[in-house]
Amino acid sequence: MVTVRLGCEGEYGRRLSRFLETHLDKSIRLSYYTQSAQWDLDGRSQDLLIMDRCFYRELSQEQRDLLDEEAVLWITEGEEETGYCRLHPPGELIDMIAEHTGTGSRSGPDRDSNLKICGIYSPVPDAGLGAFARARMREEELFLGMEDMPGEDDQTAGEGHMGDLCYYIHLKDPQLLSRIRELSGQVSGYYVLPSALSFLPLLELSEDDYSWFFSKLLSGAVYPGIYVGLGNGLLGTGHLMKHFDSLYILSSREDRVRMSCCDYILQSVQAGYENLRDRCHIVFREDYMGAEEGGYAG
């Protein structure tokens with residue numbers, strides 16, 4: 001197992017370590033040091049060392065003697081020919097680590113498949129989210145409701161909702177695909193599993209539960225495409241986002257507050273959140289439904 005040793009103090013170091021823990025390949029072990037006194041390197045050449053110059057200056061001379069400075073991947077304050085600039089998206093550091101260690105990363109869907117999983121996020125409950133999905137979906141595709149609460153159209157979609165399915169996901173039911181078909185309803189040729197009465201059952205599922213769930217969906221190849229409706233309750237769940245091939249943010253031209261909020265979220269995602277930066281897009285509800293049709297008009 002390859003070990004990556006990260007030396008970086010302060011809030012930036014803590015946030016960077018959390019990002020790496022989520023995204024690094026499972027074959028990589030991360031050791032994070034918040035203070036130079038904790039540094040315990042004993043000359044193990046197979047370890048990849050990552051630190052900034054400030055952390056290095058705080059090391060003792062004995063600790064420095066054990067370092068090969070040319071082998072260190074430096075975190076730099078600005079643009080340099082080598083090293084990782086701390087102002088850049090952290091996904092770049094993941095790529096550098098993969099190149100140095102010869103491993104991959106967990107930053108995107110771990111598969112080679114034509115089946116795509118598309119997330120659609122709205123900061124407020126909005127019928128426009130469903131309208132956007134309907135405009136894109138083809139026959140036999142699946143819409144999973146993971147919003148904060150169900151919409152009015154969801155009430156007659158099927159026999160159950162996403163909260164019911166959470167029970168079977170947690171049990172890792174081998175008949176999960178049949179459960180989805182039983183709980184969902186068919187609308188205009190595609191399948192809809194409505195959102196739960198609240199998103200709390202979704203928060204009870206672990207990272208392992210979600211990984212198993214999406215792997216099951218992909219391996220079954222029952223649906224040619226999968227769309228997932230999201231609200232605020234799950235947007236910050238990083239281990240969920242990594243399973244999406246793309247993410248669409250439902251904004252509004254008529255509501256300036258909502259537009260500013262969505263633009264900020266887009267910028268945050270494009271800064272490196274779950275490596276969705278090139279696969280995250282703004283769309284406008286007005287392009288898919290008029291305010292008079294219901295939902296949130298701003």
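Predicted model: local features only at pLDDT ≥ 70, side-chain atom pairs only at ≥ 80, totals over all residues.
A charge sits over a ring if NZ of Lys or CZ of Arg is within 6 Å of the ring centre and within 35 degrees of the ring normal.

A second case is R86, which lies over the face of Y12 at 4.0 Å from the ring centre.

Now the sheet. It is open, has five strands in the order β2-β1-β3-β4-β5, and its pairing is parallel. Strands β2 (28-33) and β5 (84-85) stand at the edges with a single partner strand each, so one side of each has no neighbour in the sheet. Inside the sheet, β3 (residues 48-52) and β4 (residues 73-76) run parallel and are joined by three bridges.

Next, the helix α4 (residues 91-101). This helix packs on the sheet and touches β1, β2, β3, β4 and β5, with its direction at about 145 degrees to that of β3.

On to ring pairs. How many aromatic pairs does a search of the whole structure find? The search finds nine. One of them is W39 with F55, edge-to-face, 5.7 Å centre to centre and with 65 degrees between the planes. W39 is in the loop between β2 and β3, while F55 is in helix α2 (residues 53-57), so this pair ties together parts 16 residues apart in sequence. Both W39 and F55 are buried. Ring pairs also link these two with Y33 into a cluster.

Technical notes:
Residues numbered from 1 in each chain as written. Heavy atoms only, no water. Pairing = 2+ DSSP bridges. Helix = DSSP H or I, 4+ residues; strand = E, 2+ residues; numbered from the N terminus. Contact = heavy atoms within 4.5 Å. Axes fitted to C-alpha atoms, helices over the stretch in contact; angles between N-to-C directions. Phe/Tyr/Trp six-rings, centres within 6.5 Å; stacked < 30°, edge-to-face > 60°. Buried < 20%, exposed > 50% of the residue type's maximum accessible area, 1.4 Å probe, protein only.
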